[in-house]
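This report goes through selected strands and residues of the structure shown below.

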Amino acid sequence: MAVLSRPRRAFWGDVRFLIGIALVIVSITGVWLIVSASDDAAPVLQANRTITEGEALTSGDFQVVEVGLGALADDYLGPQDLQQGQVASRTLERGEIVPTSATTDAAESRSTTIVIESSTGIPEDVVSGAVVEVWHAPPLEDGRSYDVPRILVAEVIVRDVLEDDTVLADASTRVEIVIDRSDVADVLAAVTGSSSLSVVPVRSAR
């Protein structure tokens with residue numbers, strides 16, 4: 001009498017079953033991570049305009065947004081962290097979430113601002129937040145011509161372009177720049193010495 005053997009379960013059936021279980025687990029884990037990230041959302045400050053280095057920070061410069069930063073939440077500025085006397089330690093781009101490392105106390109800031117006039121005008125891409133070089137050409141002894149231009153200050157930030165609306169004024173010839181305090185004396189010496197100054201863009205603001 002022949003003995004009938006029990007049919008074996010197909011190998012590929014087992015594999016498909018295990019794959020199905022794995023997909024369910026991945027899906028559940030993904031939903032859990034999304035919910036967890038939502039629960040970890042913290043209010044932080046987002047710049048609503050370009051803020052240049054050394055500029056005082058005020059509540060009107062920011063909007064509060066909820067961002068899921070998890071353990072990194074303490075590395076970013078919240079509404080409760082904004083204090084009087086804080087300034088930007090670097091340029092903050094519009095829309096940027098503000099890290100605490102990008103702020104400092106005004107008393108500790110090494111930068112200041114100065115207004116200069118560019119004798120060659122201001123290029124169109126020189127706007128607030130742009131990085132520029134300041135070149136100068138000292139006057140020659142004849143008082144009618146200038147020496148070869150050379151870099152006076154490299155890598156300074158434009159705070160503002162000042163337009164003069166008067167009829168006789170050249171439009172957009174003055175610019176307020178953010179410079180290190182150690183460079184102020186050289187710039188003032190060039191201005192009082194009647195050097196011809198020019199602003200040359202290094203890179204534009206975003």
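## The pair β1 and β2

In this predicted model, strand β1 and strand β2, the latter covering residues 62-68, are paired in the antiparallel sense over seven bridges. Within this pairing, V44 has V65 of β2 as its bridge partner. Strand β1 spans residues 41-47, and because five of its seven residues are buried, the strand is largely enclosed by the rest of the structure.

## L57 in the loop between the two strands

The loop that lies between β1 and β2 contains L57. This residue has a relative accessible area of 6% and therefore counts as buried, the cut-off being under 20%.

Leaving out residues up to four places away in sequence, L57 touches I51, F62, L82, Q86, V87, A88, L92 and T103. A further relation across the sequence is that of L57 to Q83, which lies 26 residues apart from L57 along the chain, while the C-alpha atoms of the two are separated by 8.3 Å.

## The five-stranded sheet

An open sheet is formed by five strands, which follow one another in the order β5-β8-β7-β6-β9 with antiparallel pairing. The edges are taken by β5 (111-117) and β9 (196-203), and since each of these has a single partner strand, one side of each is left without a neighbour in the sheet. On average, and with direction ignored, neighbouring strands of this sheet are turned by 45° against each other.

As background, the strands of a sheet pair through backbone hydrogen bonds, in either a parallel or an antiparallel arrangement. For edge strand β9, the pairing with β6 (residues 131-137) is antiparallel and extends over seven bridges. One of the residues involved is V134, whose bridge partner in β9 is V199.

Is S196 buried or exposed? Its relative accessible area is 17%, and because burial is set at under 20%, S196 is classed as buried.

The side chain of S196 makes a polar contact with the side chain of S119, at 2.6 Å. When neighbours within four places in sequence are left aside, the residues in contact with S196 are S119, W135, H136, A137 and Y146.

Conventions:
Residues are numbered from 1 along each chain as its sequence is written. This is a predicted model: local features need pLDDT of at least 70, side-chain atom pairs count only at pLDDT 80 or more; totals for chains, interfaces and linings use all residues. Side-chain values use heavy atoms; hydrogens and water are left out. Two strands pair if DSSP finds at least two bridges between them. Helices (H or I, at least four residues) and strands (E, at least two) are DSSP runs, numbered from the N terminus. Axes are lines fitted to C-alpha atoms, for helices over the stretch in contact, and angles run from 0 to 180 degrees between N-to-C directions. Buried means under 20% relative accessible area, exposed over 50%, partly exposed in between (1.4 Å probe, protein chains only). A polar contact is a pair of N or O atoms within 3.5 Å; within protein, one must be able to donate a hydrogen and the other to accept it, and residues adjacent in sequence count only if both atoms are side-chain atoms. Contact means heavy atoms within 4.5 Å.
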